[in-house]
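Please open the model in your viewer and keep the selection tool at hand.

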Amino acid sequence: MSSNISKLDFLLTHEEQGGVAFKNVIRKREIISLLDLTEESTIPEIAQSLNISVPTTTAIVTELLEDGIIEDCGKIDSIAGRPASHYGLVSEACYFIGMDVRDTYINIGLLDFKKNLTLSELEIPFHLENTAESLEQLIVILQKFINHPQVGNKTILSICISLTGRINIDNGYSYSFFHFDEEPLAKHIENRIGIKVFLENDSRAMAYGEFHKGVVKNEKNVLFVNIDYGLGLGILIDGKVYYGKSGFSGEFGHIPLFSNEMICHCGKKGCLETEASGRALLRMFGEAVKSGSVTGIVSASSELNTVTVHDIIKGAQQEDVLSIELISKIGYHLGRGLAVLVNLLNPELIILGGALTNTGDYLYLTTKIALNKYSLSLVNSDSKLSISKLKEKAGIVGAALIARNRILSFY
Ligand SMILES: [Zn+2]
C-alpha cells in the first residue's frame, strides 16, 4: 500500500483530543467536508463558510495541497474582480472498497476520493454459509482484490462489507452470519486485512447507493426494496437513513401478512418473505413443476434441485411462461406488502432493486397493481414506483460510499 496513508492518518483517528494540533485536524476535516459539498471553492469562500480567518485557511489549504489531498483546479474571476484559485479534492488521494456479499457470489468495487467507482468485479463465485470456511473464503476474496494490480499501489482508507441479516453498524457485529465469538466480525476481518472495516446490512447498503448516486433526486422520504433471494428494505426519512435503536430496522420480509401456515427461515410463520422473495419463487416453481406445469427450464422434476433463482429470472427474460406467471405472482404479493408501508409512511418514492427486478415489467406491473389496490388512493397517489438505476452495482456503490462517508464523518 502507498505511504500516503500517514498523511491521511488524521482521517482515521476520531478520539477527542485537545490542543492546537487537534484544532488543525478538525479544520482540515471541515475543509474536506466543504469541498466534498461544493466540489470547488476559493480560499475566501472557505474562510467565510467555516468562519476561519483567511491566513489560517491559507495555511491549512497549503498543508492539504502539499499532502496531495486537495488540488488547485485553476483560476477563475472572483466577485472582487481578481482571478482566484479554486480548490477541490484529489480523486486519487485515497480509495474505499465496497464488498457486497450475496448468497452465491460476491461483488466488489473500488471508489475514489471523489466518489467515482473506478474498478468493479462482479459475480465472484462464493457460497454464503454460516461457517468458518465461508468466512475464510470471503476474506480470501477481499485480500485478492486488495492485491489486484490496479488496487495494490493505492491508499485504501476503509472497507465496508454489506451482508444479509441483522447488523449493528456501531459495534460491527453481524448477528445472522459469522457470529462465532465475542469479537465483532468487523474487527476480526480488520485484524486479518489491516484496513479499517465497517459492516452494513445488504439492503441498506444498496439503498444508500441508490439514495446518493442512483435514482433519487431531491426526494427525502424514500423506500428501497431489495427483492432477491430474501426481501429487505432501506428507509430514508427526511433525507436520513433510518436505523432504529440497534440497526435492525427494515425487516420488511418478516411482516406476518399471510395465513399460509408456512414456516419462514426466520422461524416464524406467514412472513411476507414466504410469498414474496426469490426463496418463495424457487419453492413455487418446484411445486408447479411437480404438479405438472411445463417449463423450458427443466424437463423433469428430478432436475429441480439444480434450479436457481437466476435460472427462473433468465427463464422470464426468455419468455418462459411459467417463470413469467410466478414472478408476476411474487410482484403482486410484494405490492400488497408495500401497501402497508405506503399507508404507514407516505413515501415520495419507492425503488425496487435486487435480482428479481431484472425481470422488468413482469414484476413491476403486478407490484404496482397490488400496491394501488391495497393502499389508500389518497396516500399512494403521492408515491412514485421506480426501478433501481444502479442495479447490480447498487450494493458495491452503497457499501463503498458508506466506507468513505463514515471515515469522513459525513454519515
Ligand atoms: Zn420470517
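How are H8 and H10 oriented to each other? Before you select them, note that this is a predicted model, in which local features need pLDDT of at least 70, side-chain atom pairs count only at pLDDT 80 or more, and totals for chains, interfaces and linings use all residues. Residues are numbered from 1 along each chain as its sequence is written, and side-chain values use heavy atoms, with hydrogens and water left out.

Select residues 278–290, which form helix H8, together with residues 321–345, which form helix H10; helices here are DSSP runs (H or I, at least four residues), numbered from the N terminus. Their axes, lines fitted to C-alpha atoms over the stretch in contact, with angles running from 0 to 180 degrees between N-to-C directions, come within 10 Å and cross at roughly 135°. H8 and H10 are therefore oblique to each other, a word for angles that are not under 35 degrees (roughly parallel), over 145 (roughly antiparallel) or 65 to 115 (roughly perpendicular).

Next, select the zinc ion with His254, Cys264, Cys266 and Cys271, whose donor atoms (ND1 of the histidine and SG of each cysteine) lie 2.0 to 2.3 Å from the zinc ion. Donors are N, O and S atoms within 2.8 Å of the metal (3.2 Å for Na, K and Ca), and water is not among the atoms, so sites may look incomplete. Along the chain, these donors follow the spacing H-x9-C-x1-C-x4-C.

Finally, select Cys264 and Cys271, which are both buried, meaning under 20% relative accessible area, whereas exposed is over 50% and partly exposed in between (1.4 Å probe, protein chains only). Cys271 counts as buried because its relative accessibility is 1%.

Definitions and conventions: Helices (H or I, at least four residues) and strands (E, at least two) are DSSP runs, numbered from the N terminus.
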